[in-house]
Amino acid sequence: MKYNWKNRVSANKNSSPGSACSYKQASRPSDAFKFLLCADLTLRHHRRNSNFKMSPPSENFYTCWRARLGPTNLLHDENDLPTERLLQAVWLHQRLKRDQLRTADGKNVRVFHPGFASTEGGPDFYGAVIQIGDDPPRSGDVEIDLRASGWHAHGHDRNPNFQNVLLHVVWDDARPVARALPLLSLSRVLDAPLSELGLWLESESPGSFPRNLRGKCCTALSGLDDTQLAGLLREVASVRFQNKTAHFRTRARHVGWERSLWEGLFRALGYKHNAWPMQNLAELHPRWACGADSVFDWQARLLGVSGLLPLELSRAQPAQDGYLRRIWDRWWRERDEFHDCILPRAAWKFHGLRPANHPQRRLALAAHWLAAGDTIQQLERWCATDLPDARLLDSLRQILEVRRDEFWSGHWTLRSARSSKTLPLLGGARVTDLAVNAVLPWLWTRVVEGKNQKLQRVLERRYFAWPPAQENSVLRLARQRLLGPGRNHLCRSAAVQQGLMQIARDFCGRANALCEPCRFTELASAWRMQAATQPPPLRTGCS
Ligand code: SF4
């Protein structure tokens with residue numbers, strides 16, 4: 001018998017109520033899986049003798065153990081509720097009866113776009129496009145909780161990051177607890193039993209980006225071959241590099257070369273959460289740049305001026321308190337002198353920040369560079385040294401990294417307990433951030449101003465040859481939306497990553513999740529036409 005859907009349905013109807021093939025009985029993961037395996041998927045004739053013995057599916061060792069111990073069991077909590085992770089996957093992939101979605105007060109819900117999963121705290125999804133009742137479709141955030149009471153219990157009602165939530169999605173049927181916040185319950189609108197969704201979650205890798213959430217430009221970009229696409233991304237990367245160099249040129253005109261570099265380095269140390277307070281601190285460089293000698297002096301000054309020193313000792317951790325007490329003793333003596341520079345603590349963001357990226361730690365690192373006294377000269381020598389591409393990252397890391405710090409090699413922050421491992425103050429990923437955001441554009445601007453074309457080419461080559469940075473959430477989303485799967489090999493350079501981030505900023509950042517009114521697809525098609533009629537450029541420099 002040839003397999004077709006009708007045969008499967010009729011076979012299923014005719015099966016006895018107790019049969020393992022009955023869909024109704026497929027309430028446990030193992031049963032749901034058996035149903036799939038029981039379908040007659042092969043031609044009956046042409047049986048071959050085989051030396052391999054296949055266990056019937058119901059006795060398959062792995063299936064049984066997977067159902068007992070495997071990941072699907074982790075999809076329920078102790079009250080047999082689905083986990084939030086499963087609900088998030090259901091929402092992202094819209095495994096819902098989408099024409100039956102209604103808020104708790106009976107309004108229809110149309111989901112034009114579920115939004116993008118947030119990895120950095122705040123609501124679970126941002127940028128969703130949703131229509132509720134007769135209101136026009138709106139763009140906003142979606143928060144997912146098991147219970148409606150989670151809104152207050154998790155403090156979302158007091159958290160300003162949740163102000164843009166337009167739909168609270170929950171599992172149960174409770175009434176909304178936040179006044180005027182529409183509530184959607186999923187328990188009755190799943191498109192498949194929970195057990196089946198659990199299996200799907202683990203087998204189909206729903207953490208992957210759903211095809212229908214890719215950007216409109218993805219199809220046009222998939223029409224470019226690797227050379228054409230890489231060429232386009234390198235052009236965009238050049239534009240991004242040029243933007244950075246223009247900024248350094250302007251700042252150098254106003255504050256001089258040295259200060260413009262410190263501003264760039266500090267900004268890069270702030271990463272995306274704290275770039276502004278770091279920049280602010282660097283702009284005050286002339287005020288705080290004299291009179292400190294040792295690394296410890298610099299750390300006390302930077303931590304003091306930043307406003308990041310805890311006001312009280314913990315009294316429970318003598319190791320931390322000893323260092324903090326000495327820092328305070330040092331800072332206390334000069335605090336009045338710098339009182340006009342001290343940043344308010346509210347200027348810093350700590351939410352969603354990994355300890356390795358804590359600004360206290362970044363300032364402790366900057367103190368080493370300031371104490372060395374010749375960091376800028378070392379960078380200039382690095383620029384003029386002949387280096388193979390494979391040594392770029394390590395050679396810069398040797399200049400910027402710190403071998404050992406009395407306190408910070410053992411603590412993530414001023415408050416954290418001593419680690420048994422040695423904690424690096426600077427990792428390879430941050431070296432790349434510093435290179436593409438500060439060191440390379442600053443050096444390039446200098447050599448261009450000095451009309452040194454040879455070094456200009458050297459620095460351009462280094463930019464395009466620099467190994468990739470650690471992927472962040474912006475980059476990951478841009479890669480998934482623009483390129484889809486199967487083209488990750490093109491992202492093996494920091495410059496291509498920079499190109500993707502620039503497109504995300506120029507186009508995705510000005511469009512909604514449905515890509516309205518983005519015109520990047522036109523640009524990609526025009527690039528394809530041009531690439532088909534012109535030979536690839538010989539030089540891919542930045543100027
Ligand atoms: S907004 Fe534009 S660039 Fe971004 S994914 Fe959509 S079509 Fe592509």
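**Figure 1. Helix α17 passes α18 in a left-handed crossing.** The view is taken from a predicted model. The axes of α17 and α18 lie 9 Å apart, and the two helices pack at an angle of about 160°. This angle makes α17 roughly antiparallel to α18, because angles over 145 degrees fall in that class. On the α17 side, the contact is made by V436, L440, L443, W444, V447 and V448. Helix α18 contributes L455, Q456, L459, R462 and Y463. Sorted by class, the residues of this contact comprise nine nonpolar, one polar and one charged.

**Figure 2. K451 occupies the loop between α17 and α18.** Helix α18 spans residues 453-465. The phi angle of K451 is near 55°, a positive value in a residue other than glycine. Most residues other than glycine have a negative phi. K451 has 7 other C-beta atoms within 10 Å and is therefore exposed, the limit for that class being 12 or fewer.

**Figure 3. Helix α8 packs against α17 at an angle of about 65°.** Helix α8 comprises residues 226-255, and its axis lies 9 Å from that of α17. The two helices are therefore roughly perpendicular to each other. Helix α8 passes α17 in a right-handed crossing. From α8, the residues in contact are F241, K244, T245, F248, R249 and A252. From α17, they are N437, P441, W442, W444 and T445. Six nonpolar, three polar and two charged residues make up this contact. W444 of α17 takes part in the contact with α8 and also in the contact with α18.

**Figure 4. Helices α15 and α16 cross at roughly 165°.** Helix α15 is formed by residues 375-384, and its axis comes within 10 Å of the axis of α16. The pair is therefore roughly antiparallel, and the crossing is right-handed. Q378, L379 and W382 of α15 meet S395, L396 and I399 of α16. This contact has four nonpolar and two polar residues, and no charged residues.

**Figure 5. E406 lies in the loop between α16 and α17.** The loop runs between α16 (392-400) and α17 (428-449). E406 has 10 C-beta neighbours inside 10 Å and therefore counts as exposed. The view also includes Y323, which is 83 residues from E406 in sequence. The C-alpha atoms of E406 and Y323 are 9.1 Å apart in space.

**Figure 6. A cis peptide bond joins E516 and P517.** The omega angle of this bond is about 0°. Most peptide bonds, by contrast, are trans. P517 lies in the loop between α20 (494-506) and α21.

**Figure 7. Q94 has a positive phi, near 50°.** Q94 is a residue other than glycine, and its place is in the loop between α4 (84-92) and β1 (109-113). With 16 C-beta neighbours inside 10 Å, Q94 counts as partly exposed, because that number lies between the limits of 12 or fewer for exposed and 20 or more for buried.

**Figure 8. The protein chain contains 21 helices and six strands.** This legend gives the context for the preceding close-ups. Of the 543 residues in the protein chain, 32% are buried. Among contacts with a separation of 6 or more in the protein chain, 66% are between residues 24 or more positions apart.

How values were computed: Residues are numbered from 1 along each chain as its sequence is written. This is a predicted model: local features need pLDDT of at least 70, side-chain atom pairs count only at pLDDT 80 or more; totals for chains, interfaces and linings use all residues. Helices (H or I, at least four residues) and strands (E, at least two) are DSSP runs, numbered from the N terminus. Two residues are in contact if their C-beta atoms, placed from the backbone, lie within 7 Å. Axes are lines fitted to C-alpha atoms, for helices over the stretch in contact, and angles run from 0 to 180 degrees between N-to-C directions. Angles under 35 degrees count as roughly parallel, over 145 as roughly antiparallel, 65 to 115 as roughly perpendicular and the rest as oblique. A crossing is left-handed if the near helix is turned anticlockwise from the far one by less than a right angle, and right-handed if clockwise. Ala, Val, Leu, Ile, Met, Phe, Trp, Tyr, Cys and Pro count as nonpolar, Asp, Glu, Lys and Arg as charged, and the others, Gly among them, as polar.
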